[in-house]
Amino acid sequence: IIFIDEIDAVGRHRGAGLGGGNDEREQTLNQLLVEMDGFEANEGVIIIAATNRPDVLDPALLRPGRFDRQIVVPNPDVVGREKILRVHVRKVPLAPDVDLKVIARGTPGFSGADLMNLVNEAALLAARRGKRIVTMREFEDAKDKVMMGAERRTLVMTDDEKRLTAYHEAGHAVVALNVPATDPVHKATIIPRGRALGMVMQLPERDKLSMSYEQMTSRLAIMMGGRIAEEMIFGKEKVTSGAQSDIEQATRLARMMVTKWGFSPELGTVAYGENQDEVFLGMSMGRQQNISEATSQKIDSEVRRLVEDGLNDARRILTEKQHELEALARGLLEYETLSGEEIRNLLDGQPPVRDSGDTVTPSRGSAVPTTRPGRPRESDGELVPQPQN
């Protein structure tokens, strides 16, 4: 069995670009095709190859008799994620409260490598906190770090910036709770993470295979919620550049709705767009455009219409629910991070209950691994994790 990883390094489309047909890569590909042509006495040889760019492979490689069977390996579903997690936690001492089913449900779209990274992050967090076993809290914090970026608690924000960030994120969260179709709000925070000063995280309840028009328009309204909240509370002159990422995402989604998914009555169910392939990867030497100037202007106006509709929806929701916006922003300023359940309770008038961290975890001998076989039982109690703040 011969396994070739990253087959696109030598199996890329021939004749693409300026190099002509005489470079070393094409000679390697030609020799590979000759060896796989089926006329030689190579019945006992099986060739397997892997790539994450099947679109740029030479068609001659994929003909029957060569690589004639293609196996697509997608990201795992919820059952697959749970099994992958079980493999990676074999050598990690877990607390009794760790439920891998819950972790698998809360990590849609994660690949096997992402899940391994999640387990490693959780183990590192437990070690930093002086614990000998990994609890569910470490897994939750590790998941937030992997999905939203590492916390930057050292970043000094002024009170005005904190207040503005709190209203911005509260705007996203309130709109997300009041649009017709979207994923549940998982967490809202005004602690800077990655490159963002704050974040509202939504998690799908199950693996998503497609997206409806209602979900897309709801998504556009949620993205605009932060900008509208800033405008309503602080006035147009005080609106900041914090919505840059929201505007980029909304524009990208609206453009896809118009040009790829046929959600514009003005343009119909036709796919529009330039040749987006990289030069030298496909057959073409340059870029060609297959839409007219008039159509291009229509696309721009339709994209703007969809984004403006999202803006108006967000303004309507936040005007109706301004008391919720105020309550949630105050809650974020006080608690900095709120889970989805805490947000819903807060809007119902029940403030979150936070323990001070003084409680000692009850002793549970069964959850603690012994470090060597001949160790007496009575000393096992020393390994019970003690929270350290």
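Reader: Hi! Taking contact to mean heavy atoms within 4.5 Å, what share of the protein chain's contacts with a separation of 6 or more comes from residues 24 or more positions apart?

Author: Hello! This is a predicted model, and in it such residues account for 68% of those contacts.

Reader: Nice. How many helices and strands are there in the chain?

Author: The protein chain has 11 helices and 5 strands. It runs to 389 residues, and 39% of them count as buried.

Reader: Let's go inside, then. Which residues touch the most other members of the largest nonpolar core?

Author: Those are V175, I299, L318, L328, L332 and L338, in a core of 46 residues. Two or more residues each come from helix 6, strand 3 (185-189), helix 7, helix 8, helix 9 (293-320), helix 10 (322-335) and helix 11 (340-347). Helix 7 gives the largest share of this core, with 9 residues. Another core lies apart from this one; it has 20 residues, including L100, L118, F139 and A142.

Reader: I'd like to click on L328. What is it in contact with, leaving aside neighbours within four places in sequence?

Author: L328 is in contact with A170, A173, V174, L338, I343, L346 and L347, once those neighbours are left aside.

Reader: And L347, where does that one lie?

Author: L347 lies in helix 11. Leaving aside neighbours within four places in sequence, L347 is in contact with L177, E324, A327 and L328.

Reader: Good to know. What about G349, where is its place?

Author: G349 is in the segment after helix 11. G349 counts as exposed because its relative accessibility is 56%.

Reader: Switching topic: how much space lies in the second largest pocket?

Author: About 1200 Å³. The lining of this pocket has 33 residues, and M199, V200, S245, D246 and Q249 are the ones that lie nearest its centre.

Reader: Which elements give two or more residues to that lining?

Author: Helix 6 (159-178), strand 4 (199-202), helix 7 (213-234) and helix 8 (244-259) do. Helix 6 provides the largest share of the lining, 6 residues.

Reader: How many nonpolar, polar and charged residues does the lining have?

Author: The lining has 11 nonpolar, 13 polar and 9 charged residues.

Reader: Now helix 2. Which of its residues are buried?

Author: In helix 2 (residues 78-88), G80, R81, E82 and L85 are buried. What covers them includes helix 3 (100-105) and helix 4 (112-128).

Reader: Last one, on backbone angles. What is phi of E336?

Author: Phi of E336 is near 70°, a positive value in a residue other than glycine. Most residues other than glycine have a negative phi. E336 sits in the loop between helix 10 and strand 5 (337-339), and its relative accessible area of 24% makes it partly exposed. E6 also has a positive phi, near 50°. E6 is found in the loop between strand 1 (2-4) and helix 1 (24-35), and it is partly exposed, with a relative accessible area of 41%.

Reader: Great, thanks!

Notes
Residues numbered from 1 in each chain as written. Predicted model: local features only at pLDDT ≥ 70, side-chain atom pairs only at ≥ 80, totals over all residues. Heavy atoms only, no water. 1 Å grid on protein atoms, 1.4 Å probe; cavity = no way out; pocket = protein on both sides within 12 Å on 5 of 7 lines; lining within 4 Å. Points joined across faces, edges and corners; volume = space filled by probe spheres on them. Helix = DSSP H or I, 4+ residues; strand = E, 2+ residues; numbered from the N terminus. Nonpolar A, V, L, I, M, F, W, Y, C, P; charged D, E, K, R; others polar. Core = buried A, V, L, I, M, F, W, Y, C linked by side-chain atoms within 4.5 Å. Buried < 20%, exposed > 50% of the residue type's maximum accessible area, 1.4 Å probe, protein only. Contact = heavy atoms within 4.5 Å.
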